[in-house]
Structures are given as C-alpha cells and as structure tokens.
Amino acid sequence: MEQAIQQLINGISLGSIYALIALGYTMVYGIINLINFAHGDIYMVGAYIGFALTTFFNLGFFPSLLISMALTSLIGVVIEKVAYKPLRKSTRITALITAISVSLFLQYTMMYFTGPQTRTFPMVLENRSLSFLNGSVVMDIKNIYILMITLMLMAALQFIVRKTRMGKAMRATSFDMEAAQLMGINVDKVISFTFAIGSALAGAAGVLVGIYYNTINPLMGSLPGLKAFVAAVLGGIGLIPGAVLGGFSLGMIETIVSANGGSIFKDAVAFLILIVVLLLRPNGLLGKTTKEKV
Amino acid sequence: MRVFNKGSIFKYIGIILFYAIFQVLLSTGVLDDYIELNIILICINIILALGLNLITGFTGQFSLGHAAFMSIGAYTSAIVTAKLGLPFFVGIMLSGITAALAGIVIGIPTLRLKGDYLAIATLGFGEIVKILALNIDYIGGAIGFNDIPQYTNWTWAYGMTVLAVVLIKNFLNSYKGRACIAIREDEIAAEAMGVNTTFYKVLAFAIGAFFAGIAGSLYANYFYFIKPDSFNFMKSIDILVIVVFGGLGSIAGSIIGAIVLSVISLLLQSVSDLRMIVYALVLFGIMLFRPAGLMGNQEFKIFKKGADANGSVKGQ
C-alpha cells in the first residue's frame, strides 16, 4: 500500500513532464499535421537555459523558469519561420526529414558549444521532503513543485485555447486551415503562436526535469521526446486533454513497470503500448474515429 | 522477360567489368583497406536504401524502423556464423529470411495503419527490437556481440548489391510490383480495381526487410563486432535520408544517394566536431531546394532502356 502511494507520487511527477512535452507535440500536429521531432530538443535547450541561468547568473527557480520559457518560445518561433514555413506545402516525408534535421542541428550545436558531458543541475529548491504514513511514503518538495507548475501551465493553456480570440483562431485553424483563412484568420500568425506556446511548455518541462533529476546532457531530448509523442498518440493526437491524459498514463505505467523489476524494459513497454493503442484505437483514448471518404 | 538481348549483354559485361576492376585494384593494394571499408559500407547502404525504397518510395508505406530489420539480420548472421560455425552463405540467407519473417509478423498488424501512424508504429517496433537486443545475454546484451568471423569482402558485398538491384527492379516490372505502385498512387482506387492491398503491402515490407537482413549480415561479418545501439533510430533515419535524398521511387536514385551521402560523411570526418551540424544543414538544404531528391522518380537511361523493353510503367 505504502509502496503503491510512493509510486503514484513518482509516476505523477514523471507524467507531468511527459504531459508538458506532449502538449506541444499535439498542438503542432493538430494545426499543421507535422510530427515535430525537434520538440524534444527544444526541451533540452530549455533545460540548458535553466542550467545557465541558475548556475552562471545565480537566478532563483521561478525567474529561471520564466526566462527559459520565454527564450524557448522564441526559439520555437524562429525554427518555425526558418525551417517549417518554406516547406508548408511540401509532402509529409519532406517535412518530417526537415524536422529531423532541425533536431540534429539543435542537439549537435548544443554539444559543440557545451561539450558532450553530462552536467549537474544546481539545487535551486530547498531540499525538504514530507513523510506520510510513519515515514514509509516520502514526498519531496520537488514533486509538489512539478505537479503544481504543470497544473498551472495546463490551466493557463486551457484558458488561452478556450477563452481568448487567439485560442479560437487556433481551434478554427486546426479544424480546417483553408476555411479559417477564408474567414480572415491570419494562419501564419496562429501557427507561430502555436509553436511559441508549445515550445514554452517544453522549455518549462526542461527546467523541471533539471531540478527533478539534477542531470542534463545535449542528447537528453531524444528519448523523452519520442515518449512524449507516444503519450500524445496514446491520448489522441491533436487533442489537448488527450496529451495530458496520455502523459500522466505513460508516466504511471513506466513507474509501475520499473518498480516491479522491469526497469530495463520500461522503454520497450512505452513503445509496446504505442503499437497496441495504434492497432486497437488508432485515434487514441479520447479520439473520435473518422470515416475515410473517397 | 528476355534475359539476353543486345542491350542487356552490354549491361552484364559492364557489371562484371566494374566488379573485376575493383577486385584487381583491391587485391593489388592500389585501393587500401580504408577505401575498401568505405566501398563495402556504400554497398551495405545501397542494399538498405533499395529495400526501404521499395517500401516507402514504391509502395508508399512510411517506415521509420528499417534499422530493426538490419539488426535482426546482423544478429542472425552473427549467431549462425560465430556460434554455430556455419558457412557465410547460410548466414546471409538465414538473415534475410529471419528479417523477412519479422517483416511479415510486424507488417500484418501495423500495415493497416496509414501515414504518420504507420511511421510511429514502425519507430516503436525499432525501439523494441533494440531494447530486446540490449537485454538478451545470449547475444551479448549491451556489451555487444564479439568475434564474428570476417567473411564479407568486395565480392560478397558487390554480389549482394547486384542481386538486390536486379531482384527489386524485376519485382517492380512484374504485375506484383505494379500493384505496389498502384497502392502508392491511390490505395482506395487500387483496392477498387481488385488489388489485394494488404497482401501487397506486406509483400513489399517482407522484401524490403529481407534485403535489410542481408545488409545486416554483411555488416556483422565485416566489422567482427555488433552492438544494439548501432541499429538505433538514427540508423533508420540515415537510411530514410538516403532514400529521400536519392529520390523516392527511383532505384538509380537510391544508388546515387547512398554513394553521395557516404562521400559527404567521409569528407566531413576531418571536421568531426562540426560533422553532425553540417550534416543537418545539408539535409535541410536538400529538403528545401530539392525536396523530390536528386533523381525524383526518374531512372538513368541505362536503367530506363531495360524497363521500356519490358513495357514498364515508370514510377508515374
């Protein structure tokens, strides 16, 4: 019982990070149908910016988080303008390879400037933990921060998408880009805005993972990036609640698998789930099936 | 198909002459070991790219897990030649067959998916194969498989490359190959015309996997040593890049793509720190300025002539 609660706590923290990255994937996919492979690397860049701010500028946790989010959203917009916009009319496979080239570029540029070694993220939060049930369940203060920040960011995202004009434009563009354009929506602006928000969330996830695991390296983005994509597909790609559900489910499943002695297989489990979900419910847990028309 | 006619005899002579020239240059030591290594790598890449081109370029099924089949082939060959001590030919054939069986087993369920979903499912399959290989102690696990006998040489590599080109080209000129091309052009229309789409998709997948297995076998028996990480997601991407760079749906394109990209990566070795950055920029440049690849879906004159004689449809 205690162990189950402990795993729940760990699973939620891991799931929060997946969910934050998955949100960016899902929003971009929802609007321009592109699997943005560079998204995982934006998360890596976010972690490095957080690292630089806390180590070299001695900033606190919250200022670093906000500056990191601002900078990654800028990077996201620049990537969209430079790399994806010229290829918007091209085929899927071209766009996908472009995304991969952007991903490689970010990884190895970062490696060129910072070196391939793993770096230690400084302790920016006080090292305090709460124990429950006579100390058999330990909840680190970091877990609470991660969950709270994730929930706040998700609430903010939900507000933007549901209540603002820009959010309405995003939903319209995602539903039918051409019709949205005919209704006077500036589609380019909407796409840039989507990249900005998605990248900011990834940047936040990067800083959070930095404080959670304390280590960062230039290639840290690729596997979590893929897994966050799995999470997005699991929940139903293109759906914001789906990404959250998928992220938390994947975090929980991975924690449960590694706790039960399967830690070496935990990455395989994520992809196995992906294949099973794709076969049974290709549109994800929350997705609706659409009939194909000739 | 007539095997011998005036045009084709020159082609056969050309193929044999090309082999003989390199064989002489390699055995007399004009071309050193380093060049031989790169030539064999180019052959392996050509075989991989041809297999993937059949799946992605000709049948239109988007696969991001091609390295997994190479991995299966490499490990099969390693077990057959190193652990069981059987001859290399058996290793190559068993590698191809095991990989093709894996292709069928994976293809039957996943090929119901379309586009991006299929890409992601195959990506997941590739990761699963890698993680399994990492955790099976019999084949060395994460440490890798050591002491594989070195059988691969120019003769084997070239022979297998020619075999792959000939078999895939003839497959595409057969009615089965045209069924595959029909699926790429319009799956629903193809189905309406009576093409059994599932069967042909799985068939293309199995043939592509077969050649990936052979390439894996050549790889394992050239480098003595294989480890699961050599066949990761990036390897699949490398193969895909060759195919797209050469031109989706062009056999000549895959060959040229493999050669050009290998040469580019060779030239970049002198700037090893910047290698991947330049590679990424080159990739981006190609996608931006030449998204259809070097050859588009065209073939060389020499390839075209043979195709016309058989009354083939050319890609379109």
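Visitor: What share of the 294 residues in chain A is buried, and what makes a residue buried?

Guide: Bear in mind that this is a predicted model. A residue is called buried if 20 or more other C-beta atoms lie within 10 Å of its own. In chain A, 51% of the 294 residues are buried.

Visitor: How do you know whether the radius of gyration of chain A agrees with that of a compact globule?

Guide: The globule rule is 2.2 Å times the number of residues to the power 0.38. For 294 residues that gives a value near 19 Å, and chain A has 19 Å, so the two agree. Along its principal axes, the C-alpha trace of chain A spans about 60 × 45 × 35 Å. The secondary structure of this chain consists of 11 helices and 4 strands. Of the contacts in chain A with a separation of 6 or more, 75% join residues 24 or more positions apart.

Visitor: What makes the buried residues of helix 12 of chain B line one face?

Guide: Those buried residues are Tyr279(B), Ala280(B), Leu283(B), Phe284(B), Ile286(B) and Met287(B). Looking down the helix axis, they fall within an arc of 160 degrees, so they line one face of helix 12 of chain B. On the other side of this helix, Gly285(B) and Phe289(B) are exposed.

Visitor: What covers the buried residues of helix 12 of chain B?

Guide: The cover includes helix 3 and helix 4 of chain A, together with helix 10 and helix 11 of chain B.

Visitor: How does the span of helix 12 of chain B compare with the expected one?

Guide: Helix 12 of chain B has 15 residues, and at 1.5 Å a residue 21 Å is expected. From first C-alpha to last it reaches 21 Å, close to that expectation.

Visitor: Which residues make up the contact between the chains, by number and class?

Guide: Chain B gives 33 residues and chain A gives 31. On the side of chain B that touches chain A, helix 5 of chain B has the largest share, with 12 residues. By class, this side has 26 nonpolar, 4 polar and 3 charged residues.

Visitor: Which residues have the most contacts inside the largest nonpolar core?

Guide: Leu274(A) and Ile47(B) do, in a core of 195 residues. Helix 9 of chain B gives the largest share of this core, 17 residues. Leaving out residues up to four places away in sequence, Ile47(B) touches Met160(B), Thr161(B), Ala164(B), Phe211(B), Ile214(B) and Ala215(B).

Note on methods: Residues are numbered from 1 along each chain as its sequence is written. Chains are lettered from A and ligands numbered from 1 in the order in which they are written. This is a predicted model: local features need pLDDT of at least 70, side-chain atom pairs count only at pLDDT 80 or more; totals for chains, interfaces and linings use all residues. Two residues are in contact if their C-beta atoms, placed from the backbone, lie within 7 Å. Helices (H or I, at least four residues) and strands (E, at least two) are DSSP runs, numbered from the N terminus. Ala, Val, Leu, Ile, Met, Phe, Trp, Tyr, Cys and Pro count as nonpolar, Asp, Glu, Lys and Arg as charged, and the others, Gly among them, as polar. The expected span of a helix is 1.5 Å times one less than its number of residues. A residue is buried if 20 or more other C-beta atoms lie within 10 Å of its own, exposed if 12 or fewer, and partly exposed in between; C-beta atoms are placed from the backbone. The arc is that of the directions from the helix axis to the C-beta atoms. A nonpolar core is a set of buried Ala, Val, Leu, Ile, Met, Phe, Trp, Tyr and Cys residues joined through C-beta atoms within 7 Å.
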